[in-house]
Amino acid sequence: MNNKSNKQVVPEARAALNDMKFEIARELGVNLKQGYNGDLSSRENGYVGGYMVKRLIEQAEKQLGGK
């Protein structure tokens, strides 16, 4: 099936990912706030996004009995 829309498959996922984003930003000392964050550098935003991916992979590995 070819799904080219941006339709959410699991609506609750957006809130969970948003919560994770702010949690990681706090841990990394990035001043992320609700709404517009144009004052942050690409590096800061990328740092938060990279750690989100890392954490999601770790969680998936735990669920699948990985590392």
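Helices (H or I, at least four residues) and strands (E, at least two) are DSSP runs, numbered from the N terminus. This is a predicted model, where local features need pLDDT of at least 70 and side-chain atom pairs count only at pLDDT 80 or more, while totals for chains, interfaces and linings use all residues. Residues are numbered from 1 along each chain as its sequence is written, and side-chain values use heavy atoms, leaving out hydrogens and water.

View 1. Out of 67 residues, 15% are buried (buried means under 20% relative accessible area, exposed over 50%, and partly exposed in between, with a 1.4 Å probe and protein chains only). Take the contacts (heavy atoms within 4.5 Å) between residues at least 6 apart in sequence: 41% of them join residues at least 24 apart.

**View 2. Here's where helix H1 meets helix H2.** Two packed helices are described by the angle between their axes and the distance between the axes. The axes of H1 and H2 come within 9 Å and cross at roughly 115° (axes are lines fitted to C-alpha atoms, for helices over the stretch in contact, with angles from 0 to 180 degrees between N-to-C directions). On the H1 side, the residues making the contact include Leu17, Met20 and Ile24, and on the H2 side they include Val48, Met52 and Leu56. Sorted by class, this contact has 10 nonpolar, 1 polar and 4 charged residues (Ala, Val, Leu, Ile, Met, Phe, Trp, Tyr, Cys and Pro count as nonpolar, Asp, Glu, Lys and Arg as charged, and the others, Gly among them, as polar).

**View 3. Now for the largest nonpolar core, with its 9 residues.** A nonpolar core is a set of buried Ala, Val, Leu, Ile, Met, Phe, Trp, Tyr and Cys residues joined through side-chain atoms within 4.5 Å. Look for Met20, Phe22, Ile24, Ala25, Val30, Leu32, Leu40, Val48 and Met52. The elements giving two or more residues are H1 (11–28) and H2 (42–63), and H1 has the largest share, 4 residues. Zoom in on Ile24: leaving aside neighbours within four places in sequence, Ile24 is in contact with Val48, Tyr51, Met52 and Arg55.

View 4. The ring centres of Tyr47 and Tyr51 are 5.2 Å apart and the planes sit at 85°, so the pair is edge-to-face (rings of Phe, Tyr and Trp, using its six-membered ring, pair if their centres lie within 6.5 Å; planes under 30 degrees apart count as stacked, over 60 as edge-to-face and the rest as tilted). Tyr47 and Tyr51 are 4 residues apart in H2, so about one helical turn separates them. Tyr47 is partly exposed at 42% relative accessible area, and Tyr51 is partly exposed too, at 34%.
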